[in-house]
Amino acid sequence: DAFISIDAGGLWLIANEGLLEPIESEVLTENIPDILRDPENRWFGLSQRVRTIMYNPDAVGAEEVPATYADLADPQWRDRLCLRPATHIYTIALVAGMISNRGEAETEEIVQGWVANNPTYLDSDTRILETVAAGGCDVAIANHYYLGRILNEDPDFPVEVTWANQETTGVHRNIIGMGVLQSARNKENAVRLLEWLATEGQGATPDTLPGSNFEFPVNPDAEVDPLIAGFGEWTVDPIDLNEYGRNQAAAIQLLERAGYGFAETAGQ
């Protein structure tokens, strides 16, 4: 009856195939900001995940911390960079957003710079952060909540977060989102679930979403987990999240042209 995705691009793709039912609900429109739901109300965000820059403060001085994703193309990060392979939607969505903001030519130049820095590709954000902590990389791109999970277990974990692109486009943000299928046999109950997840079901406790996963809620009135609130305020890229779907094919093709790794490979 319902479709849930960890990527707004996936929600756009299935909605564009005509598989999601537009939902008219005052509860949803009053509790989920416009930017976090489809303009045609075919899908609704339920939690926010921010993909940004992580670094080891023992290896990266305060004056060196990259301010933008583009900064990671600087040769100073050669053999010091960890990235997720191009097979993962996190990478594809980030590049799709960059295409929307910068165009294909400039985005490809940046991605080529990342590739020229001989990154280590690891298909796990947790392993990426562990590698940064262990000195295998000094900087990386990862989703914020992976660091939240680790710090919750180990407050002394030696990795810090910086919000990327704060003086330019704003940091890349994706969502967990949900829509109701056109084929739903229990449409009313699916809508009720969606409405609950957008209101009482929003929070930082284990019985809510995002609950104990250390993501940011979409409802402005919901509690934010104190641990990730401690990461500091962030300016978000106000991009139409449907752009991740519209630019998905272009992003994959760009990653291929740039020679970005599609599988795990340690830096040479």
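Modeller: Let's start with axes, which are lines fitted to C-alpha atoms, for helices over the stretch in contact, with angles from 0 to 180 degrees between N-to-C directions. Helices (H or I, at least four residues) and strands (E, at least two) are DSSP runs, numbered from the N terminus. This is a predicted model, where local features need pLDDT of at least 70 and side-chain atom pairs pLDDT 80 or more, while totals for chains, interfaces and linings use all residues. Residues count from 1 along each chain as its sequence is written, and side-chain values use heavy atoms, leaving out hydrogens and water.

Colleague: At what angle do the axes of helix H5 and helix H6 cross?

Modeller: Two packed helices are described by the angle and the distance between their axes. Here H5 (residues 125–134) and H6 (residues 144–153) cross at roughly 65°, their axes coming within 9 Å. The crossing is right-handed, meaning that the near helix is turned clockwise from the far one by less than a right angle.

Colleague: Which residues of H5 and H6 meet?

Modeller: From H5 come Asp125, Thr126 and Leu129, and they meet Tyr146, Leu147 and Ile150 of H6; contact is heavy atoms within 4.5 Å. By class, this contact has 4 nonpolar, 1 polar and 1 charged residues. Ala, Val, Leu, Ile, Met, Phe, Trp, Tyr, Cys and Pro count as nonpolar, Asp, Glu, Lys and Arg as charged, and the others, Gly among them, as polar.

Colleague: Which residues does a disulfide join?

Modeller: A disulfide is a pair of cysteine sulfur atoms within 2.5 Å. The whole structure has 1 disulfide, and it joins Cys82 to Cys137, S to S 2.1 Å. The torsion about their S-S bond is about 70°, so the disulfide is right-handed. Cys82 sits in strand S3 (residues 81–83) and Cys137 in the loop between H5 and strand S5 (139–143), so the pair ties together parts 55 residues apart in sequence.

Colleague: What lines the second largest cavity?

Modeller: That cavity holds about 60 Å³, and its lining is Ile6, Arg49, Arg51, Tyr90, Ala93, Asn143, His172 and Asn174.

Terms used. 1 Å grid on protein atoms, 1.4 Å probe; cavity = no way out; pocket = protein on both sides within 12 Å on 5 of 7 lines; lining within 4 Å. Points joined across faces, edges and corners; volume = space filled by probe spheres on them.
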